[in-house]
Amino acid sequence: MEELDVDPPVTLIPGVNSKKRRLGFDWGPGEILVYETCYENQRNAEKGLGCPSISIVQRDEDIYSPVLRKLFNESHGIFVGLQKSEEELPTKSRKTQLVRVSKNYRSVIRACMEEMHQLAVSTRDASLTTQYTSQVSVLSAMELIWNLCEILFIEVATAGSLLLHLLDWVQLHVCEVDNMAQEVLNSESPTKHDKYWNVITSYVLQGRMDEARQMLAKEASATATSRSMCRILDGLMKKMPIFSPSGTQTLTEFELKWQHWHEECERYVQDGTFASSNHLESICKILLGDEATLLKQKELLTTWYHFLVSRMLYSHPMVKPAELHFYAQSSMDMFLGGDSSPETLDNILMAAFEFDILQVIKEFSITSSNWWFVAHLTDLLDHCQLLQSHNLYFGSNMREFLLLEYASGLFAHHSLWQLGVDYFDHCPELGRVYLELHIERIPLNTEKKALKVLRICEQRQMGEQVRSICKSMAMKAVRNNRLGSALSWSIRAKDAAFATLISDRFLKDYCEHGKFSDLDLIDNLGPAMLLSDRLTFLGKYREFHRLYGKKCFTEAAKLLLSLMTARIAPCSFWMTLLMDALPLLEQKQVIFSAEQTYELMRCLEDLTAVKPDMGETDERRLQDDGDDVETTKVEMLRLALARNLARAIVKEGTLDG
């Protein structure tokens, strides 16, 4: 694609005077943050600091329009359906499918345009009316261009059928005649209405002969003097040959038939049959394709491309696609003359008539405020295999480049970002890279949204992003003291270090309050408890409490002893584990065997002896500070262990005897 050959438009920021104060900026996805700085321009120094302002300049403001969001949502489904169906369709059915997809896109544009028009009519706010009217004009231009591209590039209409498609195109987009006809027919005397002949002429200019004849019949029945002329003109309209692509008539046969009809019209003009009626004579000259007469109807034609189609209808009905741009250029020159220069829409349409797809895309990309049109049209044309040879110099083809830009814009919106995911999915070269970069910037305001983003990442095996999201949500949960949620996210992230940290928080809370929070989560850890030693300890310690609650004392004792001997509990928790053994030691029946009791004694001695792996603070607490509570606990444990040992030895000796 060529370099941009026009200056970009200037965006004025209200309340900011860049001539007096320098501006700073920071790029963001889809927007720029602009702010005033303390630096003043030397020439126009502003006295006083004033009030600094911060503005956000958005690249694509259309995504915030409720009506246009419907355009984005509806077209997303069409786009995804096209990508999936293309792989399944045989070659013969591909053209039919692509034409149907194109019509679906156009129907979505038209529906949004009609809704926007209703808003423009119903609102009382002048600024909103102007905004809606402007958007209606843009949507109308989009459908006009898309429809023409559909005829030329997707339908690939040939001689004969090409003009029929262009007639439908003009009739669809130049519809003032219908309102005008309704106004005439609703009047008391239609033939006396000021716009009566304008309606007939407009019908003829659009090739709508049946409507023109019906309207002309009112003149024949109302005015006896012109009845004969009306009947002759009616006969000419009735006999006008219309090519039928599905018929058996060949192009040569049609051309001969059309030539005979044309000569008959010419005879009536030369004979002066309609000389007494300027209106009837003008219509007959239009049937002849007289360019001077056609140009006199500028007000009814309204556009040069309507003039083009009317001119070809009555002069070159068998125009070939290769000849189209010659007629288009001459028609635009004749219609505009020296009064005005072509506008952007004219240049885009002319590029289409010249079959210059790249220029159509370039022109619309420069003028449009968003990438929707060029992205979807280019994708459709690429499926028609019309852009296969055009690669951009930075490694991607045009289709992918435009889809990436469009999807990037969607990610700037709080809900439309979900649509952008599918567009990235169908960009084989750079789509995944873009998705990874953009998905990390999505603000995770709620757990529901985080789970939605997480599911997208997991479906695409984006491991790094999954871990990043889970860690972020886990940290947020910890800050809000929601330990259960934090543990759940850390397990999902497979982050052993963070799971250990949260497990310690659970144990700390247990020591302070004497109970666990989020029991459902801890009870159902399953294999996830193997993520870290501390998490394993937390799960097993909770299992000990469940066994104790069910009065399964023997199993509970074995599990408690294994937790102490495995040394996976934090040092600060050793005394808690030993105190948990105290009720079991005091049971009437002997729970701990002599060997198990020796193990418990060794654990108690290790705790009181302060092993090197325990902190200095713990050592002071146990030895130097002389804490009465801790001393009492140790004495109680020693006494209980001694009694249990004696009972266990007696019991085991009795059994041996």
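Reader: Before we look at helix packing, what do the axes and angles refer to?

Author: Axes are lines fitted to C-alpha atoms, for helices over the stretch in contact, and angles run from 0 to 180 degrees between N-to-C directions. Please keep in mind that this is a predicted model. Here, helix H24 (residues 496–513) packs with helix H26 (residues 533–549) at an angle of about 35 degrees, and their axes are 8 Å apart.

Reader: Which residues in H24 and H26 meet?

Author: From H24 come Ala499, Thr500, Ser503, Asp504, Phe506, Leu507 and Tyr510, and they meet Arg534, Leu535, Phe537, Leu538, Tyr541 and His545 in H26. Sorted by class, this contact has eight nonpolar, three polar and two charged residues.

Reader: Let's step back to the whole chain. How many helices and strands are there?

Author: The protein chain has 31 helices and three strands. Of its 657 residues, 46% are buried. Among contacts between residues at least 6 apart in sequence, 63% join residues at least 24 apart.

Reader: Now to charges. How many salt bridges are counted?

Author: The general idea is that side chains of opposite charge can pair when their charged atoms come close. In this structure the count comes to 24 salt bridges. One of them joins Glu150 and Lys103, with the closest N and O atoms 3.2 Å apart. Glu150 lies in helix H3 (residues 126–154) and Lys103 in helix H2, so the pair ties together parts that are 47 residues apart in sequence.

Reader: Which residues are linked in a network of salt bridges?

Author: Lys103, Arg106, Arg110, Glu143 and Glu150 are linked in such a network.

Reader: And what salt bridge does Glu264 form?

Author: Glu264 pairs with Lys239, their closest N and O atoms being 2.6 Å apart. Glu264 counts as buried at 15% relative accessibility, whereas Lys239 counts as partly exposed at 44%.

Reader: Last topic: how many disulfides does the structure hold?

Author: A disulfide is a covalent bond between the sulfur atoms of two cysteines. This structure holds zero disulfides. As for individual cysteines, Cys149 is buried at 1% relative accessibility, and Cys175 is partly exposed at 40%.

Note on methods. Residues are numbered from 1 along each chain as its sequence is written. This is a predicted model: local features need pLDDT of at least 70, side-chain atom pairs count only at pLDDT 80 or more; totals for chains, interfaces and linings use all residues. Side-chain values use heavy atoms; hydrogens and water are left out. Helices (H or I, at least four residues) and strands (E, at least two) are DSSP runs, numbered from the N terminus. Buried means under 20% relative accessible area, exposed over 50%, partly exposed in between (1.4 Å probe, protein chains only). Contact means heavy atoms within 4.5 Å. Ala, Val, Leu, Ile, Met, Phe, Trp, Tyr, Cys and Pro count as nonpolar, Asp, Glu, Lys and Arg as charged, and the others, Gly among them, as polar. A disulfide is a pair of cysteine sulfur atoms within 2.5 Å. A salt bridge is a side-chain nitrogen of Lys or Arg within 4 Å of a carboxyl oxygen of Asp or Glu.
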